[in-house]
Amino acid sequence: MPIPSLRKVKHIDTKNYPRLIIMSDAHRGDGTGADDFAHNSLLFKCALDYYFRKGFTYLELGDAEELWEISSFDQIYITYTSVYKQLQAFHNEDPEKTRYLKAWGNHDASWKDNTGLNRLFPGIQVYEAFILNKTALLWHGHQADDLCYGIGAKISRFVVRHLWTGLQR
């Protein structure tokens, strides 16, 4: 499968973002036994606190939220309100001043149109990829996997939501 063209890309110059922390695949869920993030949420909050105090920009590289298993972001937000409050501290409505950069992944693809995130992060821009110093492409990578992009993603999501989640619990 050819890799589709990237539509929404942010160019990052490390002169403007000298301290970056890049995380991917947190898969924040609903706190149940199927929630892979639950066991590490305290560690994650401690890391966010450290990186915020040290002046880092936090770059989330897809699948931050587990929207294949959970049909509503509201349940994820209720479960991890304290995490989202910390993320809000990184965010600034001015895209040139924000310290919270977000890319969407296959498990949180509904963010590609910023749907639902503006109420928590006014003015947020959600990207498909980042180009770092004109030399490195940072993306979630699902676009190159037939099971995670297009029709394959729809089938995979159905299996995850209706079979895998029950097995995990």
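Predicted model: local features only at pLDDT ≥ 70, side-chain atom pairs only at ≥ 80, totals over all residues.
View 1. Most residues other than glycine have a negative phi. The phi of Asn 133, however, is near 50°, a positive value in a residue that is not glycine, and Lys 134, likewise not a glycine, has a positive phi of about 60°. Lys 134 is also found in the loop between β6 and β7. With a relative accessible area of 33%, Asn 133 is partly exposed, whereas Lys 134, with a relative accessible area of 78%, is exposed because its value is over 50%.

**View 2. The protein as a whole.** The protein contains four helices and seven strands, and from the N terminus on its elements run in the order β-β-α-β-α-α-β-β-β-β-α. Of its 169 residues, 41% count as buried. Among the contacts between residues at least 6 apart in sequence, 76% join residues that are at least 24 apart.

**View 3. The packing of helix α1 against helix α3.** Two packed helices are described by the angle between their axes and the distance between the axes. Helix α1 (residues 41-53) and helix α3 (residues 81-90) pack at an angle of about 15°, and their axes are 10 Å apart. Because angles under 35 degrees count as roughly parallel, α1 is roughly parallel to α3, and the crossing in which α1 passes α3 is left-handed. On the side of α1, the contact is made by Phe 44, Lys 45, Leu 48, Asp 49, Tyr 51 and Phe 52, and on the side of α3 by Ser 82, Val 83, Gln 86, Leu 87, Ala 89 and Phe 90. The residues of this contact divide into eight nonpolar, two polar and two charged.

View 4. A pair of aromatic rings is described by the distance of the centres and the angle of the planes. With rings counted as paired if their centres lie within 6.5 Å, the count comes to 14 aromatic pairs. One of them is formed by Phe 73 and Trp 111, an edge-to-face pair with 5.2 Å centre to centre and 85° between the planes. This pair links distant parts of the chain, since Phe 73 belongs to helix α2 (residues 73-79) and Trp 111 to the loop between β4 (100-103) and β5 (126-127), 38 residues apart. Phe 73 counts as buried at 8% relative accessibility, and Trp 111 counts as buried at 3%. A further aromatic pair, formed by Tyr 127 and Phe 130, is tilted, with 5.5 Å centre to centre and 55° between the planes; Tyr 127 and Phe 130 are both buried. Phe 37, Phe 44, Phe 52, Tyr 58, Tyr 80, Phe 90, Tyr 100 and Phe 121 form one aromatic cluster, and Phe 44, Phe 52 and Phe 90 of this cluster also take part in the contact between α1 and α3.

**View 5. The surroundings of His 27.** His 27 lies in the loop between β2 (20-23) and α1, and its relative accessible area of 14% makes it buried, because that value is under 20%. When its neighbours within four places in sequence are left aside, His 27 is in contact with Asp 35, Phe 37, Asp 63, Ala 64, Glu 65, Glu 66 and His 107. His 27 and Gly 62 are 35 residues apart in sequence and 8.9 Å apart in space, C-alpha to C-alpha.

Notes
Residues numbered from 1 in each chain as written. Heavy atoms only, no water. Axes fitted to C-alpha atoms, helices over the stretch in contact; angles between N-to-C directions. Helix = DSSP H or I, 4+ residues; strand = E, 2+ residues; numbered from the N terminus. Parallel < 35°, antiparallel > 145°, perpendicular 65-115°, else oblique. Left-handed = near helix turned anticlockwise from the far one by under 90°. Contact = heavy atoms within 4.5 Å. Nonpolar A, V, L, I, M, F, W, Y, C, P; charged D, E, K, R; others polar. Phe/Tyr/Trp six-rings, centres within 6.5 Å; stacked < 30°, edge-to-face > 60°. Buried < 20%, exposed > 50% of the residue type's maximum accessible area, 1.4 Å probe, protein only.
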